[in-house]
Amino acid sequence: MTDALHPRSRLVHDALRAAGIPGEIRTLPDAATTAALAAAALGVEVGAIANSLVFWSDGEPLLVMTSGAHRVDTAALARRLGRDSIARASVDQVRAATGQAIGGVAPAGHPAKITTVVDEDLALHAELWAAGGTPHTVFPLTFDQLVALTDGTVAKVDAD
């Protein structure tokens, strides 16, 4: 099964298994580069899509796992985290930090650990879906599994 996966997705698969998460990576026929596209392809609410957004904050990458139902308020999140600033990472910064392309960034399978924030609103969904390392791959997991997988800090990520 994993032999058919893209090498980036195999890294994600291995990280899932190492964390004890049984969800299988699913390959979609079309790229799901947005939460809306992923939700439509899976037949789930857009809020159940765990978007992996990479930001640059205080000289390092910051991964924010946010509900597909809203946007990250970078100023509010910086205040909550006690950081000087949070700005969207460049394409090159995303690739360097994750080894993955924008639109397919997974919460795991990166070259090195990335400080991660997990949107508290994702806890509202019994099952979440996250990108599996490419824009064509996704996998299911629970909120608790996502927090454990990323060693993430749970926080409100949208506006006050």
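**Exercise 1.** Which residues does Asp-158 touch, not counting residues up to four places away in sequence?

*Solution.* A quick note before we start: this is a predicted model, where local features need pLDDT of at least 70, side-chain atom pairs count only at pLDDT 80 or more, and totals for chains, interfaces and linings use all residues. Residues are numbered from 1 along each chain as its sequence is written, and side-chain values use heavy atoms, with hydrogens and water left out.

Step 1: look for contacts, meaning heavy atoms within 4.5 Å. You get His-70, Arg-71, Asp-73, Ala-76, Arg-80 and Asp-121.

**Exercise 2.** Is Asp-158 buried or exposed?

*Solution.* Step 1: recall the cut-offs: buried is under 20% relative accessible area, exposed over 50%, partly exposed in between (1.4 Å probe, protein chains only).

Step 1: Asp-158 has a relative accessible area of 16%, so it's buried.

**Exercise 3.** Work out which residues of helix H3 (residues 74-81) are buried, and what covers them.

*Solution.* Step 1: pick out Ala-76, Leu-77 and Ala-78, which are buried.

Step 1: check their cover, which includes E3 and strand E5 (115-119).

Step 2: At its start, a side-chain oxygen of Asp-73 comes to within 3.2 Å of the backbone nitrogen of Ala-75. After H3 comes Gly-82, with a positive phi near 70°.

Terms used: Helix = DSSP H or I, 4+ residues; strand = E, 2+ residues; numbered from the N terminus. Polar contact = N/O pair within 3.5 Å; in protein donor to acceptor, adjacent residues only side chain to side chain.
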